[in-house]
Amino acid sequence: MKQAHCIYQDEEHRWLAIARDATKPGYIIDTNEYVVVHGDEALLCDPGGIEIFPAVFSALSAECDPTRLAGIFASHQDPDIISSLALWLEFKPDLKCYTSWLWQSFLPHFGGHDSTFVPIPDQGTTIRLDGLELQAIPAHYLHSSGNFHLYDPKAKILFSGDVGAALLPADNNDLYVQDFSRHIRHAEGFHKRWMGSDRAKRDWCERVSRLEIDMLVPQHGAIYQGADVQRFINWFAALEVGVLRS
Amino acid sequence: MNAPEPNFHGIALRTGELARIVRVNEEIKAIVATAFRINLMALNAIFLAKRAGNAALGFGVLSNELRRFAQDLTRHMASLREMTSGSVGSVTGVVQQQRIARILAEALKLSGEGVPGAREARRRGAARLAEQQSRLRGLDLRLRAAVEETQQLVELGGVLARSAKIEAAYGGGFSAALMQVSTDFAEVIAQIKRSLEVLGKERLVKD
């Protein structure tokens, strides 16, 4: 069963990682969900698919009052990212869903109505959470054509969606990357195939290199921290992407 | 959880609901096609009666009535079809709401006692489901009433077909041909009756 791990805390400002579900059915890709809690509000990043909603909800509720959820950040439109939207709205109908303007009329197929969605323009935006300013950073074509990552300048955490994702073996349940060179082997095939644009990749690497990042938290696999963050950016910058087979 | 489990199964909707609507639609389509056949048959019967002249005056009147009957039947079936196509949306809504309610209930159960907001979420979900179920029940009642009304119309069609058979006996040299036409009418109307009986047994919701 999924559990929420606190990966950052500074007084009333917390990041929770709901990661690594060993009990989920094997045919569903493992996902990480992140919750940014600040003051009286919380933002859920990539809440996941319908099938894992009970596990995510209960993990979140164990660490944080779910009625404090003010919004959902959907990095892009995939079902493993946001197909649980209708369920979160069932629990809290006034939730806002921040996503690329590109998906504003697609995501209602998963749930929600006109007033649910807050479209993010291509250049990104600031998302306010009880006084905290989070930045939606453009990551278009990595892999989705309308794609954003979320940067928290206070916690120095970058939620990087599918960038940094690794499809780890079932027996590897580490929350953080332990050995970069061993870990990155599980990320290589994924990035080569899923990331389709070399130009978009270079843009992203330049953009995030300018940010102060202590932790890069992806939607699949383990969290990069400390020097592994820059290691990952360098590795990604050098990687040939848009490759059908290695 | 202290809050009572909401009754998500007030109407037992399972996987077969959409399949049931498809069956209803198919039955309606079959009746519409048959009604079209009656219309053509009645037209032919009118021409035949004209050719038979004075000997088939009564048969001609009945053929006109049968044609009107076929047109009325087509109108009835069109309105039935409209109702069932509307019910696809309602059934889908209920099925979706039940699925959402089931998963949310599982999530709340996993979360243990006292999750803030749980009671309100349950109440909202149960109210929405009850509203959708009530809409579906209303549709089901209207559909049943419409089927009953159509069954009465078809009874009249049966009477007309029987009368046509009697009139055919007075058709002189055309008697055999008129008899054949009126027998065809009776068979087709019997077929519609059977379809309506099937339709009358179908329910959009199971109580």
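Hello everyone, and thanks for coming. Please keep in mind that what you see is a predicted model.

Now zoom in on one pair. E3 of chain A, residues 33-38, and E4 of chain A, residues 41-45, run antiparallel and are joined by 5 bridges. If you want a spot to look at, find Val36(A), which stands opposite Leu43(A) in E4(A).

Arg14(A) pairs with Glu63(A), with the closest N and O atoms 3.6 Å apart. Arg14(A) sits in strand E2 and Glu63(A) in helix H1 of chain A, so this pair ties together parts that are 49 residues apart in sequence. Over all chains, the structure holds 18 salt bridges.

Before we leave this region, look at the loop between E1 and E2 of chain A, where you will find Glu11(A). Most residues other than glycine have a negative phi. Glu11(A), which is not a glycine, has a positive phi of about 50°.

On to the other sheet. Here 6 strands of chain A form an open sheet in the order E8-E9-E10-E11-E12-E13, again with mixed pairing. E8, residues 125-129, and E13, residues 224-225, are the edge strands, each pairing on one side only. Inside the sheet, E10(A) and E11(A) run antiparallel, with 3 bridges between them. Tyr151(A) has Leu158(A), in E11(A), as its bridge partner.

This sheet has a helix packed on it as well: H6 of chain A, residues 198-209, touches E9, E10, E11 and E12. The direction of H6 makes about 155° with that of E9(A). In the loop between E9 and E10 of chain A lies His143(A). Most peptide bonds are trans. The bond joining Leu142(A) and His143(A) is cis, with omega about -5°.

Finally, let's see where the two chains meet. How many residues of chain A are in contact with chain B? There are 18, and they touch 18 residues of chain B. The chains bury about 1400 Å² between them, 71% of it on carbon and sulfur atoms. Of the area that chain A buries against chain B, 41% comes from Pro54(A), Glu90(A) and Phe91(A), more than from any other three residues.

Across this interface we find 2 salt bridges. In one of them, Arg99(B) pairs with Glu51(A), the closest N and O atoms being 3.1 Å apart. The count of residue pairs in polar contact between the chains is 5. Helices H1 and H3 of chain A each give at least two residues to the side that touches chain B. H1(A) has the largest share, with 6 residues. By class, that side of chain A has 11 nonpolar, 3 polar and 4 charged residues.

How values were computed. Residues numbered from 1 in each chain as written. Chains lettered and ligands numbered in written order. Predicted model: local features only at pLDDT ≥ 70, side-chain atom pairs only at ≥ 80, totals over all residues. Heavy atoms only, no water. Contact = heavy atoms within 4.5 Å. Buried area = accessible area lost by both parts, 1.4 Å probe. Salt bridge = Lys/Arg side-chain N within 4 Å of Asp/Glu carboxyl O. Polar contact = N/O pair within 3.5 Å; in protein donor to acceptor, adjacent residues only side chain to side chain. Helix = DSSP H or I, 4+ residues; strand = E, 2+ residues; numbered from the N terminus. Nonpolar A, V, L, I, M, F, W, Y, C, P; charged D, E, K, R; others polar. Pairing = 2+ DSSP bridges. Axes fitted to C-alpha atoms, helices over the stretch in contact; angles between N-to-C directions.
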